[in-house]
Amino acid sequence: IVVDTSGSMSPAMVQMALSETQGILDGCDARVLFTSVDSVAAEVTEVFSLPERLQGGGGTDMRVGISAVLAHEPDLIVVMTDCDTPWPSEETPVPLVILAIEAGRYTTTPDWATTISITE
């Protein structure tokens with residue numbers, strides 16, 4: 001899981017991402033890795049519950065978080081973001097699911113990714 005914590009993500013939007021993260025943790029019987037990202041990725045860690053603190057608040061580049069998680073050879077990557085970010089120019093080697101949180105005008109996502117719109 002890659003959660004966008006850039007300046008364009010309001011506290012309510014980050015809370016929505018954390019709610020979705022909890023849903024994944026509750027419904028998934030698999031190892032879940034997590035990082036928060038603005039223009040820098042926090043350490044990728046295995047999570048069993050929601051993290052207490054998130055890093056971020058600066059610029060936005062989800063490619064950094066995607067790359068950080070790919071280093072751990074996942075089966076799937078879920079990115080939670082408002083989509084105000086650059087995306088990888090090439091398809092990731094594993095499926096990429098984008099949860100577009102209150103994306104508004106930032107709705108451009110890669111054609112090869114699965115994008116799901118999340119609103120309140």
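The largest pocket has a volume of about 360 Å³. Of its 15 lining residues, Arg31, Val32, Leu33, Asp75 and Leu76 are the closest to its centre. This is a predicted model, where local features need pLDDT of at least 70 and side-chain atom pairs count only at pLDDT 80 or more, while totals for chains, interfaces and linings use all residues. Residues are numbered from 1 along each chain as its sequence is written, and side-chain values use heavy atoms, without hydrogens and water.

**Pockets**
- A pocket is an open set of points on a 1 Å grid over the protein atoms alone, where a 1.4 Å probe fits, with protein on both sides within 12 Å along at least five of seven lines; lining residues have an atom within 4 Å of a point.
- Eleven nonpolar, one polar and three charged residues line the largest pocket.
- The second largest pocket holds about 150 Å³ of space.
- Its lining includes Phe34, Thr35, Ser36, Pro51 and Arg53.
- Strand β2 gives the most to that lining, with three residues.
- By class, the lining of the second largest pocket has five nonpolar, four polar and two charged residues.

**Helix α1**
- Helix α1 covers residues 11-27; at 1.5 Å a residue its 17 residues should span 24 Å, and its end C-alpha atoms are 24 Å apart, which agrees.
- Met13, Val14, Met16, Ala17, Leu18, Thr21 and Leu25 of α1 are buried (under 20% relative accessible area, 1.4 Å probe, protein chains only).
- The buried residues of α1 pack against β1 (2-4), β2 (33-37), β4 (77-81), β5 (96-101) and β6 (114-118), with contact meaning heavy atoms within 4.5 Å.

How values were computed:
Helices (H or I, at least four residues) and strands (E, at least two) are DSSP runs, numbered from the N terminus. The expected span of a helix is 1.5 Å times one less than its number of residues. Buried means under 20% relative accessible area, exposed over 50%, partly exposed in between (1.4 Å probe, protein chains only). Grid points are joined across faces, edges and corners, and a volume is the space filled by probe spheres set on the points. Ala, Val, Leu, Ile, Met, Phe, Trp, Tyr, Cys and Pro count as nonpolar, Asp, Glu, Lys and Arg as charged, and the others, Gly among them, as polar.
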